[in-house]
Amino acid sequence: MPEWLPRAMVLALVLFGLFLLADWAFRRLLGLLIVLLVAFFVSLAMEPAVGVLARRGVPRGLATALVFLGTFACVLAFLAALVTLLVETTTNLAHESPRLLDEGIDRFNRTFDQHVTTHDLSQRLLRESDLIEGYARTAADNVWGVSTTVLGGLVQVLTIALFSIYLTAGGPRVRRTVCSLLPPSRQQTFLHAWDLAIDKTGGYLYSRVLLAIVSAIAHGVFLAILGIPNPVALGVWFGVISAFIPTIGTYIAAILPVLVALTVDPLDAVWVILFAVLYQWFQDYLLQPRITARTVDVNAAIALLAVLAGGALLGAVGALLAIPATATVQAFLSEYVKHYAVSEDPRIEQTASRRKRAKSAPAPQTDQDAE
C-alpha cells in the first residue's frame, strides 16, 4: 500500500464530514439567511430617505427611526383598512346571501327551465351534512396549525424589521467595516456596487409607490362611479396589491371588490372584473414601462423571468426581491461588460422582406478577397 493512501483516505473522510456539517448548518440557518437577505434589501430601500434626512442635519439614528415609523404607520393603516373591509364584506354577504340565493335560483330556473327551490337546496345540504361536518372538523383541527403559522410569520416580520433598522442605522459602519477587509482598488468597486444597489432598490420602491397611487385613484374613482361601498379603501387595496404583486396582482386584488359588488348588484361585479382586466393591460403595456424606464430599467420579459425564478427559489420573498436584485446586477454588468457599436442593418429591425435583405446584404469575405 502506498504511504500516501491512508493519509488521502483520512483527508477524504474529513472533507466529507465537513461537507455534511456545512450542509446541515446551511439547512438549519436557511431561514435566518433569508431573513437577513430581506432585511438587507429593506435597508437599501430605506437608505435614500434616511440619507436625505441625515444630509439635512438629522442624526442618523433619529432619521432611521422616523423613516421606519412612517413606514410602519402606513402598513398599519393599510392592515386596519383591510380588516375593516373584510368585516364589512362578510357582514354584508351574510345579510344579502338569502336575496342573492333567491335571485340566483330564479335566474337558473329561467335559463335552464328548471324548478329548483330553496327547500330543495336545503334538503340536499342536509343529505351532504356528513361531508360538511368532515370539512368543519378538518378546519377545526387545522386552527392550531394556522395560528402557529401566523405567529411564526409575525416573529419573522419583527425580526426582519429589527435587522433592517440595525443595518440602516449602522450603514456607514457596515460599509467601512467591509471596505477595511478589501484592498483600495476593490474598495471603490464595492462602494460603487453598493450605490447601484441602493439606487435600483430605491427606484423599484419609488416606481411601485407611483403605480400604487395611480391604481388606487383609478380604481377608487371607478368604484365610486358604480356606487360600491368604501371606494377609497377598496382603491387603496387595489393599488397596493396590484403594484407589489407582479403580473397577477390586479386580478388577486379584484377578488375583494367583486365580493363587495355582489352585495350590491351582480352586474357591478362583472364591470369590476372588466375594468380590472383593462387596467392590468394599461399598466403592463403603457404605464409601467414609462415609470420603470426612469427608475428600474428592466425588460418586461426579463422581469417576469426573474420573478418566476425568485418565486421558485425563495417563494413570495424571492418574487418580491427578484426585480431590484436583477436591476442591480444588470446595472453593474452594463458598466463593466464591454459593448460594441452595431452597424445599421435591415436584418436587425426586420423591416425589409427576406429577398430584399438578401440582395442588400454584403457578400461574405473570402480568403482571396482578404488577400
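E47 is buried, with a relative accessible area of 12%; here buried means under 20% relative accessible area, exposed means over 50%, and partly exposed covers the range in between (1.4 Å probe, protein chains only). The structure is a predicted model, so local features are taken only at pLDDT of at least 70 and side-chain atom pairs only at pLDDT 80 or more, while totals for chains, interfaces and linings use all residues. Residues are numbered from 1 along each chain as its sequence is written, and side-chain values use heavy atoms, with hydrogens and water left out.

On the whole-protein scale, there are 16 helices and 0 strands. Both kinds of element are DSSP runs numbered from the N terminus, with helices (H or I) needing at least four residues and strands (E) at least two. Of the 371 residues, 26% are buried. The protein exposes about 24900 Å², and carbon and sulfur atoms supply 69% of that area; accessible areas come from the Shrake-Rupley method with a 1.4 Å probe, and for residues only the protein chains shown count as cover. As for contacts (heavy atoms within 4.5 Å), those between residues at least 6 apart in sequence are joined by residues at least 24 apart in 64% of cases.

Back to E47, which sits in helix 1. Leaving out residues up to four places away in sequence, E47 touches R60, T168, R175 and I198. With R60, E47 makes a salt bridge whose closest N and O atoms are 2.7 Å apart. R60 lies in helix 2 (residues 60-112) and E47 in helix 1, so the pair ties together parts that are 13 residues apart in sequence. Both R60 and E47 are buried. G170 occupies the loop between helix 5 (143-169) and helix 6 (171-180), and at 7% relative accessibility it counts as buried.

In general, side chains of opposite charge can pair when their charged atoms come close. The rule used here asks for a side-chain nitrogen of Lys or Arg within 4 Å of a carboxyl oxygen of Asp or Glu, and the count comes to 2 salt bridges. Besides the E47 and R60 pair, D23 and R27 meet through their side chains at 3.0 Å, N to O. D23 and R27 both belong to helix 1 (residues 4-55), 4 residues apart, or about one turn of the helix. D23 is partly exposed at 29% relative accessible area, whereas R27 is exposed at 62%.

V14 itself counts as partly exposed, at 42% relative accessibility.

Turning to helix packing, helix 7 (residues 184-226) and helix 8 (residues 231-244) have axes that come within 7 Å and cross at roughly 145 degrees. The axes are lines fitted to C-alpha atoms, for helices over the stretch in contact, and the angles run from 0 to 180 degrees between N-to-C directions. This crossing of helix 7 and helix 8 is right-handed; the term applies if the near helix is turned clockwise from the far one by less than a right angle, and left-handed if anticlockwise. The residues that meet include L205, R208, V209 and L211 from helix 7, and P231, L234, G235 and V236 from helix 8.

The loop between helix 7 and helix 8 holds N230. Most residues other than glycine have a negative phi. N230, though not a glycine, has a positive phi of about 55 degrees, and with a relative accessible area of 33% it is partly exposed.

Finally, helix 11 (residues 266-292) contains D268, which is buried at 10% relative accessible area. Not counting residues up to four places away in sequence, D268 touches L226, I228 and A261. L274 is found in helix 11 too, but is partly exposed, at 44%. Between L274 and A254 there are 10.0 Å in space, C-alpha to C-alpha, and the two are 20 residues apart in sequence.
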